[in-house]
Amino acid sequence: MILSAWNIRGFNKPVKHSEVSGFMALNKVDLCGLLETRVKRGKVASILRKSLYNYRFFGNYNSHNNGRIWLLWNSATTYVTVLEEHRQVVHCLVKHHATNREFHASVVYGRNNAADRQELWDSVALFGASVGPWIVLGDFNVIRYEWEKVSHIPPVTSDLLAFNDCVLGCGLADMNCTGCEFTWHNRQDSRSAVYSKLDRVSINEDWSRVFCQTSAQFIPPGLSDHSPSLVTFHGDPLPRKRFSFLNCWADHPSFRNLVLDAWDYEITGIPMFRLMRKLRNVKQRLKLLHQNQFSDIGKRVQRRKEELADCYNALLANPLYDILIQQEKQASIVYWKLKEAETKILIQRAKLHYMKHEDMCSQYFFAKIKERHQSQVIGAIKDQNGNLHTGLHQVGDAFVAYYRSAPFGLFYSCKGH
């Protein structure tokens, strides 16, 4: 299945009709969000009949008379139900016939004015509060980070903060993208040139879990000044999770003895083999420690918090009862240690500094962790011949083929930043 969003910057001219229909046919797009069409409602039927007759259509004309957002989908492969429409976003439910899977999609075309975009942030936050797998794509008309813009004029910090507050508050993370790093260019000379990443693809945690093997690509803009996005669903299995040492393990009372016991295990063989087996034994013991003491740390913390509340309420009924005093004290210690361990785990996985972000909620940490996971996935890569390889297996095979055939050449990765 292929999803796309493209700010076409006007869709009244026949040359644009040919550009879009060719793009969708070439890439076998199942669902496309066309943005900034500037097409009056009365001309829609004629354009669809001539150039896009294979696609079903929805436009947000009830919210804006120029149809700022069009949805086009192939009814043979996809079923789309529009749930909400606004001036700057259309929320819909998408069902893929072949896999019978459903997800929510929000196609965005943000306003140029920061004050007007607050309406967009509110709509996205409200819709995202009660959805499953969810993807948000389109032209947001604002960047998230300062390095996403090249210009003589610096970005407005308050605009970036408002956008990031919305993204992190919704639990969204940028999907790992390849292709064009900057998705918009004003096509001016060097004195006035501006390059920005205004278009993006973001996903929530449920999407990462259900559609783990998806990747996004931004291709050259063609007749528009915006690069279209292509989101591809791969059928590859989940890669194995790598082993990572968590610092909170070292604080556990049994940590030292556990490691010593695993390391002192008698193994015969050459030194390198013994070293590898000892390291493997330590890893297995640490994984068992994590499973018994730290797995589902959030749920463990919540349970201990509830137990502490029960002990406190019982103590209030009998404030001078020594047994209840000791129970409440012990529950407080256990809760404190688990809460501290949870915070350390989140900080380590998110690669953040606690003193700088200590006032942030757990949702912020989870959002940053998802961003890091997405940035570490190579969804597509180009070989030395310029051929694009996508998906877990194809990317792996491309790496192996390169190092077998051209060990001294250059390998160009199209992994985005």
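A cavity here is a set of grid points where a 1.4 Å probe fits but cannot get out, and its volume is the space filled by probe spheres set on those points. Keep in mind that this is a predicted model.

Searching the whole structure gives 2 cavities of 30 Å³ or more. I will take the second largest one to begin with. The residues lining it are Leu3, Ser4, Leu31, Cys32, Gly33, Leu71, Val107 and Leu137. Two elements give two or more residues to that lining, strand S1 (2-7) and strand S2 (31-35). S2 has the largest share, with 3 residues. By class, the lining counts 6 nonpolar and 2 polar residues, and no charged ones.

Now the largest cavity, at about 40 Å³. Helix H3 (114-128) and helix H4 (157-169) are the elements that give two or more residues to its lining. The largest share, 3 residues, is from H4.

Trp263, Ile270, Met272, Phe273, Leu275, Met276 and Leu279 form a nonpolar patch of about 690 Å². Helix H7 (residues 271-293) supplies the largest share of this patch, 5 residues.

Is Phe273, for instance, buried or partly exposed? Phe273 sits in helix H7. Its relative accessible area is 38%, so Phe273 counts as partly exposed.

Key. Residues are numbered from 1 along each chain as its sequence is written. This is a predicted model: local features need pLDDT of at least 70, side-chain atom pairs count only at pLDDT 80 or more; totals for chains, interfaces and linings use all residues. Side-chain values use heavy atoms; hydrogens and water are left out. Patches are made of residues with over 30% relative accessible area and no salt bridge: like charges are joined within 9 Å, nonpolar side chains (Val, Leu, Ile, Met, Phe, Trp, Tyr) within 5 Å. Accessible areas come from the Shrake-Rupley method with a 1.4 Å probe; for residues, only the protein chains shown count as cover. A salt bridge is a side-chain nitrogen of Lys or Arg within 4 Å of a carboxyl oxygen of Asp or Glu. Helices (H or I, at least four residues) and strands (E, at least two) are DSSP runs, numbered from the N terminus. Buried means under 20% relative accessible area, exposed over 50%, partly exposed in between (1.4 Å probe, protein chains only). On a 1 Å grid over the protein atoms alone, a cavity is a set of points where a 1.4 Å probe fits but cannot get out, and a pocket is an open set with protein on both sides within 12 Å along at least five of seven lines; lining residues have an atom within 4 Å of a point. Ala, Val, Leu, Ile, Met, Phe, Trp, Tyr, Cys and Pro count as nonpolar, Asp, Glu, Lys and Arg as charged, and the others, Gly among them, as polar.
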